[in-house]
Amino acid sequence: MKSVLPILTVIAAILLFWVVCVVPMNIHLVADQAQRDELIVTPQTPSARQDVSGVGLALRNTHLIPLTYNFVRPNLPSPHQVAGEMYNTIFGQKITSKRSLVYHGWVTLAPTLLGFLIGTSLGIFLAVGIVYSRVMDLSVMPWAIVSQTIPILALAPMVIVVLGSMGIQGLFPKSLISAYLSFFPVVVGMVKGLRSPDAMQLDLLRTYNASKSQGFWTLRLPASAPYLFASLKIGISASLVGTIVAELPTGARAGFGARMLVGDQYGQPLVSWAALFAAAITAAALVGIFSLIERITLKRMGMAAT
Amino acid sequence: MSQKPIITARDLDLTFTTNDGPVHALKDVNLDINKGDFVSFIGPSGCGKTTFLRCIAGLETPTSGDISVNGMTPDQARQARAYGYVFQAAGLYPWRTIGGNIKLPLEIMGFDKAEQAERVKRVMDLVDLTGFDRKFPWQLSGGMQQRASIARALAFDADILLMDEPFGALDEIVRDHLNEQLLKLWARTEKTIAFVTHSIPEAVYLSTKIVVMSPRPGRISDVIESTLPRDRPLDIRDSAEFIEIAHRVRDGLRAGHADDL
Amino acid sequence: MMATVAALLVWGAGWWLNVRLATGPHSDRPVVRALIPAIFGITVILVWELLVWAFEINPVILPAPSSIAERILVEGPRLWADFQQTIIKGAMTGYVFGGLAAFGVAILADRSDFLTRGILPVGSFMAALPIVGTAPIFVKWLGSDWESKAAVVAVMVFFPILVNTVAGLKDTSAMQRDLMRTYGAGYWPTLLKLRLPAAMPFIFNGLKIATTLALIGSIVAEFFGSPTVGMGFRISTSFGQLALDMVWAEIVIAALAGSGFYGAITLIEKRVTFWHPSQR
């Protein structure tokens, strides 16, 4: 745990940077509003202010600086504004309300988890197939690797709409995208893992005349554990991003992605920011849970990760 | 052989603090190494021989006591590039050719290009690796890689050579060959060599002085001045004198960790 | 009916051919190794074409490969303009800036073990976040032209490259660093001659991951606002017009760009890390 202090320091530095940037980012909007509220602003006219930088404007109007931290439609909300909005929409709303981030979180999380489960299971099956069948290895594996370089994510909203027009809506289409996005990282990682035992280990099994199945369960599968966990972590964050992107410009009304868009379109940036942070925390929590499972499992297998 | 000590240790003490508690690696070490000596350090694991070598190199700092190299502190000696160090593994950079690897210290120490080329050729001849300068480390056998590592340590003409079990990972036939070559090298270049080893025959064959060490805490149990002549063919290992010295070393080792058995 | 049978036959033929090649005596030759996945790919495309015919699938749902190919040929100039906007200006600019920034921060952080221990976990955390969600925010700050897309890409590629570079710089063994100390080498010679070359496999791992992220970031960011050019823009508007073959055409270009970019980085990696066991 000796990394706690460095981590906190880095986070504190990032927060500090954020807090400092709030002022120059918002000062122009604040100055415009202040002028309308008949406060003193230097220079007086919006057109004159346009040529002044954020920093310059702030220095000339120090009385406006506190206002930049509480502005209703900020370019860059301050941390406490984001925290406040998150608190309100997580704890201050009923979970079933359309304004609750918990509700939106579940709308995003459910297909993510379902898709992840499907994608991972299929991925493991395909990986086993690739390792044990030379034909599959040579024909499919190159495509598995290439497919990771193709930005299929851009198709996500389309898939939703196409399936929607065929009457398939809700959980399934989004799960399909999550499944796809976690599928290939799991295939690639699992294949590497199943192939990781060295020649010496494999020869030992041959001296026992072990069958392929025995070799799989006693050696290859356990040896692939570290690789599997690494892919699971990549897969779950890819799945979450996939679901969020799928919720984007297709008129979706619920989920983190939808909230980010709604906030943007209706001029309520705090809604967008709160959704973004909630999504980030969800991603972190998911990866964290998998890391925990990884650490416990590997420790019990004597393969404690460094 | 002059009697001028160039490495002296006085009351050297070193305790490591580890997660499992303090480890007393070196206790009350007093030793003189004279110019031109070939000194072997032998003892079981944990006796402090590598730690002592690293103290000479300025890679570890003693908790108390003094150590001086060429009249300077080890750190100053290190900055002054007073010694070449050979590790247990060859440690060659896989992205450089053999020639490039040997050039590494020369580049760092600021020798000019012409000098670099000349020195590389000279030391490669010394260790019998002529013609291999454009090969990559993985194309060479273990023994050849270790020879390249020795060449690298010789390239900048330091007076002192510190070697930490350099032949430990090699088979006996290659080892014998390299031992012979090392002795010839020593005779030709008149360097002072401190050599850590696990092998009794190796220690007796190579050295003018053998330092027997024992563990927990790491200390010197015996210092044996070898009576063998400087010029030694390999079959001197069958002579009575050799066997007697080897016996003395063995006794020193046994006495050192009798409490372990 | 005929088309379905034909599709099954094609699939069977392709599979049989691949089995013969994979288990035959020449299966290790590079030509054969490239041929097998190619045959697999061609088989998939042929079957796709035949099945679209057989089941008369609505082109709005799934166009046939032939119509996609036709669209690519017809719309060449427009596709090229989109490519320049999204890939060259958006993705590549962001990739270069993000990569250089990550590299710089990694070197700065390298001087302090304290910072390194803080940056690795925080960086890995940030790399898992849905950064693409910041796209609307950047469009608001930087306008809807390629600059905002480059900004999103820069942030997206920053963290994976940073984390991999830091991990790579940490990776040298104690023995190697001791060797440098015995030469009295200071920080900069040790960095330039030992730690950077040794870190290259890690750095390239990060750079390869970043290529896909750059493409995704640039295209998806365009969904949030773009001048009337750009691959993301084209995809969403063609979609709205139900011109699915154009959508797929853009996807094909994106796929080629993605694998091309990745392939280029892999080639450079092969030359720079020729010494690593995985390349030999």
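Predicted model: local features only at pLDDT ≥ 70, side-chain atom pairs only at ≥ 80, totals over all residues.
Trainee: Let's start with helix α5 of chain A. What makes its span close to the expected one?

Mentor: Helix α5(A), residues 79–91, has 13 residues and reaches 18 Å from its first C-alpha to its last.

Trainee: Which residues of α5(A) are called buried, and why?

Mentor: They are Gln81(A), Val82(A), Glu85(A) and Thr89(A). A residue is called buried if 20 or more other C-beta atoms lie within 10 Å of its own, so each of these four meets that cut-off.

Trainee: How do you know that the buried residues line one face of the helix?

Mentor: Look down the axis of α5(A): the buried residues fall within an arc of 100°, so they line one face. As background, an α-helix has 3.6 residues a turn, so residues three or four places apart point the same way.

Trainee: What is on the face turned away from the buried side of α5(A)?

Mentor: That face carries His80(A), Tyr87(A) and Phe91(A), which are exposed.

Trainee: Now the chains. What makes chain C and chain A count as being in contact?

Mentor: Two residues are in contact if their C-beta atoms lie within 7 Å. Here 46 residues of chain C are in contact with 42 residues of chain A. On the chain C side, the largest share, eight residues, comes from α5(C). By class, that side has 31 nonpolar, 12 polar and three charged residues.

Trainee: How many residues take part where chain C touches chain B?

Mentor: The contact takes 13 residues from chain C and 17 residues from chain B. Helix α8(C) gives the largest share of the chain C side, six residues. That side divides into seven nonpolar, three polar and three charged residues.

Trainee: Where are the domains of chain B, and how far apart are their centres?

Mentor: The domain assignment gives domain 1 (1–82 + 163–241) and domain 2 (92–157). Their C-alpha centres lie 24 Å apart. Nine residues of domain 1 of chain B are in contact with 10 residues of domain 2 of chain B.

Terms used:
Residues numbered from 1 in each chain as written. Chains lettered and ligands numbered in written order. Helix = DSSP H or I, 4+ residues; strand = E, 2+ residues; numbered from the N terminus. Nonpolar A, V, L, I, M, F, W, Y, C, P; charged D, E, K, R; others polar. Expected span 1.5 Å × (residues − 1). Buried ≥ 20, exposed ≤ 12 C-beta atoms within 10 Å, placed from the backbone. Arc of directions from axis to C-beta. Domains from an automatic or database assignment.
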